[in-house]
Amino acid sequence: MGAPMIGQAPGPAFEFHVLGPLKVLKDGVELPMSANRELAILACLLLNANRVMSVERLVEAVWAGSAPSSAWRQIAICVSRLRRRLGAGVIETSSPGYLLRVPADGIDWLRFTAMVTQAREQAARDQEGAVALLREALALWRGTPFEDLRGLRYDVARMAECRLEALETCLELEIGLGRHHQVIPELLALVAESPFRERVRAQLMLAQYRAGRRAEALRTYQETRRFLLEQIGLEPGPALRRLHEQILRDESVLMRAPAPAPPAPVVPCQLPPQVLPFVGRAAELAGLDAALRPDPEPAMPGTMVLSGAPGVGKTTLALRWAHARIDWFPDGQLFADLDGIEPHVVLDRFLRALGEQDIPADHAEKLALYRSRTARRRLLVVLDNAGDEVASLLPGGAGCRVVVTSAAPLDELVARQGAHRMFLAPLEEDAARELADMLVGAAGTALGPQAVTDLVATSCGNPLSLRLGAARLRSRVAHA
């Protein structure tokens, strides 16, 4: 399950299984879900988790084009029942409809798509790992989703296509790894399940040929040709015909071992240590979560500007969040303090950290190379003490996220790049008192409670002032 928002107590843990009969588990206990209309609404919301679904789309999911005049009212009644069953905060009202709020790893369909995406990215450098990931993803399927829900038939077809494509990719990788004997039975079953998919038939022919069963491979082609001519009156496609010709000629390329995988890319881990102790900022951490959560189709660029007065804790907050969410960015974390440093110098450092050795001298070429190297990575970039020139250091990939700290509001970055922005206020009095007590420690007993009270008052909630003042108080006790 997904991590709770930092600084907040975790709520009920939900697991939604849709890759088969729909099943809902709350804290490990299955909830009874029987009403067909409610199931259709829940299924539609689950397939579009964390996105607003219009009432019109929910009506279509329930009635599939034959909705009664009372459809909108009935949708509202069904949603109310679902809310009572699931608990508060799971389904939200959001114009023009409803939104189901759930961590992506709480739905097996979203876990499946995430693992398949990761496997495809990993396949170029680690075929064994990619196969293991694809097999793990495919194991999540327990049957046919939403069999009795006509309004979701197109969604079901899309999901089935994704499963078949993942399975085809997995089998292709396994053939490349020399497992042609093992995959032949699975390919035979897949051909029977999806007889029009020529890619599967080509995989079966190649696996049979590599297994020393050349005659069977040629017979598979003839059966394919006869089937396609009988069913749709067409010859096999060019790729299948080309493979047939290669098998007839015993071309050596068919037995060629796969090329060695390229070296794994460098994964930089440049985050400085967290500033401890840390208190408060639960709302701000939640805001960072909401703005920078990984999403294959982000609604806005994944950049957050933390703006505020010097010493208010911008860097401390950025590092606290970055360390807590490091698992979101498996391809690395870059960090730069831009105070007094030109962006082109930082760009050189970032490129070297990403494994580049031949860095071009031209700034435009350098910038293009940086964006190319970050285009397909899930990378976090933290840019501290930034100015208006920071836009040139933004990475190019949709999977990248950026946290910028600055004493300036960086209006141009927000306006031109669509960045999110958060103005950081001083700590509330309770949080400032808690931080002061932790910083002063045992010295507070020797000095008395008034010393800490005065420190909180004079700091005005500025964490840096609190830290400096606490250090002076401890020094005074140590030298007394």
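User: Which residues line the largest cavity?
Analyst: In this predicted model, the largest cavity is lined by Pro277, Phe278, Val279, Arg281, Val312, Gly313, Thr316, Leu317, Leu427, Leu435, Pro463 and Arg467. On a 1 Å grid over the protein atoms alone, a cavity is a set of points where a 1.4 Å probe fits but cannot get out, a pocket is an open set with protein on both sides within 12 Å along at least five of seven lines, and lining residues have an atom within 4 Å of a point.

User: What volume does that cavity have?
Analyst: Its volume is about 100 Å³, the volume being the space filled by probe spheres set on the points, which are joined across faces, edges and corners.

User: And how many residues of its lining are nonpolar, polar and charged?
Analyst: The lining of the largest cavity divides into 8 nonpolar, 2 polar and 2 charged residues, where Ala, Val, Leu, Ile, Met, Phe, Trp, Tyr, Cys and Pro count as nonpolar, Asp, Glu, Lys and Arg as charged, and the others, Gly among them, as polar.

User: Switching to the second largest pocket, how much space lies in it?
Analyst: About 230 Å³, and its lining, which includes Val275, Lys314 and Asn385, divides into 5 nonpolar, 5 polar and 2 charged residues.

User: How confident is the prediction, as an average pLDDT?
Analyst: The chain averages a pLDDT (the predictor's confidence in each residue, from 0 to 100) of 85, and 93% of the residues score at least 70. Local features need pLDDT of at least 70, side-chain atom pairs count only at pLDDT 80 or more, and totals for chains, interfaces and linings use all residues. Residues are numbered from 1 along each chain as its sequence is written, and side-chain values use heavy atoms, with hydrogens and water left out.
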